Amino acid sequence: MPTYVVRARDAKGNPVRRKINAETPVDARTTLRSQGLFVQELTEDRNLLDTLKATDMKELGTMMAKVTVKDKAVFSRQFAALVNSGVALVRGLGILADQCPNPKLKKALLGISADVQQGTNLSEAMRKHPNCFDGLYVSMVQAGEVGGVLDDVLNRLSKLLEDIARLQNQIKSAMAYPVTVGIIAVLVFLGMTIFLLPIFAGIFNELDADLPAFTQFMMNISDFLRTPIYMITFIVALFLLVFAIGQYYKTPSGRMNLDRLMLKLPLFGELIQKSSTARFCRTFGALSKSGVPILTSLEIVRDTAGNAVISSAVDEARKEVQSGGMISLALQRERVFPIMAIQMINIGEETGEIDQMLMKVADFYEDEVEQAVKALTSIMEPIMIVFLGGMVGSILVAMYLPMFAVMDKIK
């Protein structure tokens, strides 16, 4: 009779590991279920040591995995379809856990299923897994449970997450080209400076040629890059600078100052502002439409803004609403969002249809982001070509300038 290694949870949710003898995996699961255990993993014990090693490696993979926005969007749409079809929550979670490719999300779904089976609300069970389901997700699920429209809320969530993922991909595509060309330019510059310039330096020394100032400057850079102690010092200094900026960004004032600087960057600042506006309106509108209280919605949007300046403006709006004021007036005072967005939000407040107006604003600024990305890409292409040509050309100029001096001597 085969032996199986089991990883399960008991009635209190505590992890349990044991071995069990059974004819088939189905028999093993049935026996364990009768003992009040919720099976998470069942593997045949051909070699216990190898199984334990494999399990440990799997646990490491689970810890290293990251739940992306796309993962949550796919799960939300599939879960909504199951709930709408009348499938029980526990069974639906089990089905989705079995086919989930992300190990971290899979583990979270198994834990949530075990908690729901014991009588815990779905939103409360999700709240125990903040690495997979943030406050935005949990609050919308909770509103869906209270209102009895969980399938509608899950569909709304999947649409929201898909829109957020699309925005992120648009910004990444705008950054991909300049970053790639910049890396290539730096590598070409380093290669020519370290390996090509020294060859010409030897030739110039043999000809006893007087080096122009620019050529001497480039030769000094070459010597610096080829000296190990200088290079190590430079790399360490660069690492310390990046570390210092990272530590400064972790402070409230540092994050506020750097995020404000990001909004003022040429070319990229406007793109960041438009994408933040679209995300704020889409998230706030989805929360309001799902029945989440407005103050709670503003707290969630504040925490998920991704920019300290935007978060501060949203927090001021929350305080304004708490004291009986209007969101649009607070946002207008902060001067963070575009005037058009604020005016449309103001109209939504006056007509009592703020959730619909927020969705229209989000649609508009998502289109604006798409157009801005296309414009930014078209602008960055010639700039990066000139940058790459300038770096390579500077080395070529440094190599050819002494040749003119040598030709003058020969004449």
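## A walk through the predicted model

Let's begin with Tyr230, which lies in helix α10 (helices here are DSSP runs of H or I with at least four residues, strands are E runs of at least two, and both are numbered from the N terminus). This is a predicted model, where local features need pLDDT of at least 70 and side-chain atom pairs count only at pLDDT 80 or more, while totals for chains, interfaces and linings use all residues. Residues are numbered from 1 along each chain as its sequence is written, and side-chain values use heavy atoms, with hydrogens and water left out.

Tyr230 is partly exposed, at a relative accessible area of 44% (buried means under 20%, exposed over 50%, partly exposed in between, with a 1.4 Å probe and protein chains only). Tyr230 also belongs to a nonpolar surface patch of about 870 Å², together with Phe224, Ile229, Phe234, Ile235, Leu238, Leu241, Val242 and Ile245. Patch members have over 30% relative accessible area and no salt bridge; nonpolar side chains (Val, Leu, Ile, Met, Phe, Trp, Tyr) are joined within 5 Å, like charges within 9 Å. The areas come from the Shrake-Rupley method with a 1.4 Å probe, and for residues only the protein chains shown count as cover. Helix α10 (residues 228-250) gives the most to this patch, with eight residues.

Now for the sheet. Three strands make an open sheet in the order β2-β1-β3, with antiparallel pairing (two strands pair if DSSP finds at least two bridges between them). At the edges sit β2 (15-21) and β3 (38-44), each pairing on one side only. Strand β1 (residues 3-9) pairs with β3 over six bridges and with β2 over seven bridges.

Which residues does the salt-bridge network join? Start from Arg282, whose side chain meets that of Glu366 in a salt bridge (3.0 Å, N to O); the cut-off is a side-chain nitrogen of Lys or Arg within 4 Å of a carboxyl oxygen of Asp or Glu. Arg282 is in helix α12 and Glu366 in helix α17, 84 residues apart. Both ends are buried, Arg282 at 7% relative accessible area and Glu366 at 7%. Salt bridges that share partners tie Arg282 and Glu366 into one network with Lys159, Asp163, Arg166 and Asp363. Asp363 also bridges to Arg282, with the closest N and O atoms 2.4 Å apart, and Asp363 is partly exposed at 38%.

Another salt bridge joins Lys128 and Asp115 (3.5 Å, N to O). Lys128 is exposed, at 52%, whereas Asp115 counts as buried at 11%.

Last stop: helix α16 (residues 339-351). Its 13 residues should span 18 Å at 1.5 Å a residue, and the end C-alpha atoms are 19 Å apart, which agrees (the expected span is 1.5 Å times one less than the number of residues). Buried in α16 are Ala341, Ile342, Met344, Ile345, Asn346 and Gly348. Just after α16, Gly352 takes a positive phi of about 75°.
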